[in-house]
Amino acid sequence: RATRGGEEVRGYVPSMGQIFLRRFQMVTQFRQALEDGQVSVHYQPKVSLPGKQVVGVEALVRWQHPEFGRVDPDEFVPAVEAAGLVGVLTSFVLEMALDRVRRWLDEGLRISVAVNLSVRNLADEDFPAKVADALARFGVPAELLTFELTESGVMADPARALPILRELHGLGIVLAVDDFGTGYSSLAYLRQLPVDQVKIDKSFVLGMGTDLSDLAVVRSIVELGHSLGLTVVAEGVEEDVARDQLEAMGCDVAQGYLISRPLSEERLEAWLLARTA
Ligand code: C2E
Ligand code: CA
Ligand code: CA
Ligand code: CA
């Protein structure tokens, strides 16, 4: 915290050097942070429309840093990626997620889990074999695992990413294009990918109540997705009206603060119990 003569400076803006140092510290401390239990996985439920059945959860990583406090994944995931450590992050989240699904199965619950991938995962030829191994170790059927990947992640190096995606898909894993609508999305491009789902980016879903062009984008993604035989998921559902509009359009699945924020394992258990009670 910046101080001047012992007084806190208001509106303090960190310098480039300080941002760089913080990033550097995060990257060098990441592996140890995993071991020390500073990194955890929260889960955000996804529900079907109109049935409101819980169809799955998305795993979202959290870092409680001893010095910086809660660090957002939007900040540390890119740093971890740039440092070539994202394989470690993905394995960690994947194992936590599969362990969670395994324990649900033991309780007689079939809930799927979605894990976010990074571009770098799609450049690792051994990635599909690692995933197959993890599924076997936890005894989780592949169809209960979804990978979410951004369009830019695939488009960065399609020649490299495509064979890996095909292999993952061949294992029976569900593939979803995340943040759809923000990148180079086109019908032609989507048809070439072995994907099962599109997730409409939350910026459009958040804007659809007030902005007609956002509403038009959402509507056309639902239509486009369905014409390709894909499941359409909307993220960023915060309001009843948005949920109702999405339902009326035929959107298949909703995720957002209206349904639930991302929850710790413990709080998710309570949330699930309260819904089935
Ligand atoms: P994302 O994959 O697009 O995840 C959705 C983000 O939207 C999450 O932020 C979630 O908390 C937030 N969100 C959910 N519902 C709502 C809503 O109704 N309104 C609003 N305004 N926001 C909502 P979060 O958890 O901070 O994650 C940010 C990004 O960090 C993710 O975006 C994803 O790209 C990345 N990320 C998170 N966990 C992982 C991970 O395990 N691995 C990788 N590679 N990336 C991750
Ligand atoms: Ca996601
Ligand atoms: Ca997203
Ligand atoms: Ca995002």
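Which residues coordinate the calcium ion (ligand 3)? The donors are D178 (OD), D179 (OD), E235 (OE) and E235 (OE), at 2.2 to 2.4 Å. Donors here are N, O and S atoms within 2.8 Å of the metal, or 3.2 Å for Na, K and Ca; water is not among the atoms, so sites may look incomplete. The model is predicted: local features need pLDDT of at least 70, side-chain atom pairs count only at pLDDT 80 or more, and totals for chains, interfaces and linings use all residues. Residues are numbered from 1 along each chain as its sequence is written, chains are lettered from A and ligands numbered from 1 in the order in which they are written, and side-chain values use heavy atoms, with hydrogens and water left out.

Along the chain, the donors of the calcium ion (ligand 3) follow the spacing D-D-x55-E. The site links distant parts of the chain: D179 belongs to strand β8 (residues 174-180), while E235 lies in the loop between β10 (231-234) and α10 (240-249), 56 residues apart. Helices (H or I, at least four residues) and strands (E, at least two) are DSSP runs, numbered from the N terminus. Burial classes rest on relative accessible area: buried is under 20%, exposed is over 50%, and partly exposed is in between (1.4 Å probe, protein chains only). D179 counts as partly exposed because its relative accessibility is 25%. E235, at 8%, counts as buried.

The calcium ion (ligand 2) has its own set of protein donors. These are E58 (OE), N116 (OD1), E148 (OE) and D178 (OD), lying 2.1 to 2.3 Å from the ion. Their spacing is E-x57-N-x31-E-x29-D. Here E148 in strand β7 (residues 145-150) is paired with D178 in strand β8, 30 residues apart. E148 is buried, with a relative accessibility of 1%. D178 is also buried, at 7%. The two calcium ions, ligand 2 and ligand 3, are 4.1 Å apart, and D178 coordinates both.

Ligand 1 is surrounded by 22 residues, the closest being Q44, R62, N116, E238 and Y257. A residue is near a molecule if one of its heavy atoms lies within 4 Å of it. Polar contacts are pairs of N or O atoms within 3.5 Å. A polar side-chain atom of E58 lies 3.3 Å from an oxygen atom of ligand 1. For the side chain of D179, an N or O atom is 3.2 Å from a ligand 1 oxygen atom. Y257 contributes a backbone N or O atom, 2.8 Å from an oxygen atom of ligand 1. Taken alone, ligand 1 exposes 800 Å², and the protein buries 87% of that. These areas come from the Shrake-Rupley method with a 1.4 Å probe. The elements giving two or more residues to the shell around ligand 1 are β4, α2 (73-82), β8 and α8 (202-207). Of these, β4 gives the most, with four residues.

Two loop positions were also examined. P50 is in the loop between β3 (39-48) and β4 (54-65). P50 is exposed, with a relative accessible area of 55%. P50 and A248 are 198 residues apart in sequence and 8.9 Å apart in space, C-alpha to C-alpha. D36 is found in the loop between α1 (16-35) and β3. D36 is partly exposed, at 46%. D36 and S227 are 191 residues apart in sequence and 47 Å apart in space, C-alpha to C-alpha.

Definitions and conventions: Polar contact = N/O pair within 3.5 Å; in protein donor to acceptor, adjacent residues only side chain to side chain.
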